Amino acid sequence: MEEATVREQLVERSCAWCGEPVAYSGRGRPPRFCSPVHRRRAWEVRSAEERAGRPVSEGGRSTEPVREIVQRTETLVRTRVVPGSVEGRQQAPRPAQRLSGQPYTLPEDAVEWIEALAVLRREAVTNPRVAPFREHIANACERTLEALRSDATGPGEDSPGES
Ligand SMILES: [Zn+2]
């Protein structure tokens with residue numbers, strides 16, 4: 001005579017988010033997720049689905065299509081050779097193109113210019129491609145200083161406000 005007793009015990013369960021097996025020790029509630037991260041993911045998706053089902057006025061998702069505004073700015077660089085011009089007098093081409101023809105980006109706002117000038121202060125003494133031309137750069141800086149300290153106000157017609 002044999003007596004068989006059968007006892008079933010949960011030993012493993014798959015994570016409700018990723019499906020990976022999660023061991024169960026046998027004590028307490030069996031884990032539903034392999035990690036707190038996956039618990040959080042599952043919760044986010046659940047609550048997002050709930051939000052999506054509600055109207056926007058109740059914190060739900062907009063049913064309007066996403067709109068994007070793309071602004072396109074083209075800069076044309078035209079380089080002319082002015083015959084017999086004296087250095088320092090000639091109209092320099094707008095620097096947006098390297099000698100190699102590769103375009104490069106100029107600072108776009110005051111913060112970026114201030115950062116660029118800080119780089120210049122360092123490069124002026126350390127960069128062998130800049131240092132030999134310190135005097136030229138200094139002249140350009142003096143002209144820049146004059147412009148910065150002049151009373152002229154910015155681009156008049158384009159200034160926003162009055163209309
Ligand atoms: Zn998981």
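Is glutamate 44 buried, partly exposed or exposed, and what is its relative accessible area? Glutamate 44 is partly exposed, because its relative accessible area is 34%. Here buried means under 20% relative accessible area, exposed means over 50%, and partly exposed lies in between (1.4 Å probe, protein chains only).

The model is predicted, so local features need pLDDT of at least 70 and side-chain atom pairs count only at pLDDT 80 or more, while totals for chains, interfaces and linings use all residues. Residues are numbered from 1 along each chain as its sequence is written, and side-chain values use heavy atoms, with hydrogens and water left out.

**The chain as a whole**

The protein chain has three helices and two strands, in the order β-β-α-α-α along the sequence. Helices (H or I, at least four residues) and strands (E, at least two) are DSSP runs, numbered from the N terminus. Of the 163 residues in the protein chain, 8% are buried. The accessible surface is about 15800 Å², and carbon and sulfur atoms hold 51% of it. Accessible areas come from the Shrake-Rupley method with a 1.4 Å probe; for residues, only the protein chains shown count as cover. Among contacts with a separation of 6 or more, 5% join residues 24 or more positions apart. A contact means heavy atoms within 4.5 Å.

Side chains of opposite charge can pair when their charged atoms come close. In this model, arginine 40 forms a salt bridge with glutamate 44, with the closest N and O atoms 3.3 Å apart. A salt bridge is a side-chain nitrogen of Lys or Arg within 4 Å of a carboxyl oxygen of Asp or Glu. The count by this rule is one salt bridge. Both partners lie in helix H1, four residues apart, about one turn of the helix.

Arginine 39 is also in helix H1 (residues 36–52). Arg39 belongs to a positive surface patch together with Arg13, Arg29, Arg32 and Arg46. Patches are made of residues with over 30% relative accessible area and no salt bridge; like charges are joined within 9 Å, nonpolar side chains (Val, Leu, Ile, Met, Phe, Trp, Tyr) within 5 Å. Lys and Arg count as positive and Asp and Glu as negative, without His and the chain ends. The place of a charge is NZ of Lys, CZ of Arg, CG of Asp or CD of Glu.

| Residue | Relative accessibility | Class |
|---|---|---|
| Arginine 39 | 47% | partly exposed |
| Arginine 40 | 48% | partly exposed |
| Alanine 96 | 14% | buried |

**Alanine 96**

Alanine 96 sits in the loop between H1 and helix H2 (110–126). Leaving aside residues up to four places away in sequence, alanine 96 touches Val77, Gln102, Pro103 and Tyr104.
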